[in-house]
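Hi everyone, thanks for coming.

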Amino acid sequence: MRKTRKFSAETNVDSPKWLNEEVNIINICEATISSFSSQKIPSVASGNNIVSILLTDDEKMSELNKLYRNKAGPTNVLSFTNENTHLHSKNILLGDIALSYTTVLKESAQSKISFINHVKHLLIHGCLHLIGFDHETAIEAQEMEVLEVNILRKLGVPNPYNV
């Protein structure tokens, strides 16, 4: 019997800037993370892989960036891997992803890309970090970008590296 793996998200809105009557950002975040369920990524354990998402603003993101990375100022996305992952458990909390509304909005406008597509890209990027991918070397960066582009294509999002 083949073990299944599922991805789900728990989204917390820390900044009201994320709430828009036209778009249900919580559904978008959770659907983006659940798209990992159909990906063939060998490093992912079977079971319910849970990602916690924090939708915040530049002020909170600056605090997190300073506290955890010792860097000043906001950033678009931060991911925090759960070091206490129990691989033999049914429910595995992979970690946390934080997104800053102001920075994501500014970047999407500067790059002339859809805000929602940029959110999806950053969530995919953050989730790949949570499951062990990185971009410290050129080879790692290329491998991670290929995965991002392939996953995003399945979500109907154009290649974010061709802007």
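The count comes to 5 aromatic pairs, where rings of Phe, Tyr and Trp (its six-membered ring) pair if their centres lie within 6.5 Å, with planes under 30 degrees apart called stacked, over 60 edge-to-face and the rest tilted. One of them is Phe7 with Phe36, a tilted pair at 5.3 Å centre to centre and 40 degrees between the planes. This pair links distant parts of the chain, 29 residues apart: Phe7 sits in strand 1 (residues 5–13), and Phe36 in the loop between helix 1 (25–34) and strand 2 (47–56). Helices (H or I, at least four residues) and strands (E, at least two) are DSSP runs, numbered from the N terminus. Phe7 and Phe36 are both buried, meaning under 20% relative accessible area, with exposed over 50% and partly exposed in between (1.4 Å probe, protein chains only). Ring pairs also join Trp18, Tyr101 and Phe115 into a cluster.

A quick word on the source: this is a predicted model, so local features need pLDDT of at least 70 and side-chain atom pairs 80 or more, while totals for chains, interfaces and linings use all residues. Residues are numbered from 1 along each chain as its sequence is written, and side-chain values use heavy atoms, leaving out hydrogens and water.

Now the histidines. His129 lies in helix 4 (residues 115–130). Why does His129 count as buried? Because its relative accessible area is 18%. His118 is in helix 4 too, and is buried at 9%. In space, His118 and Ser108 are 6.3 Å apart, C-alpha to C-alpha, and 10 residues apart in sequence.
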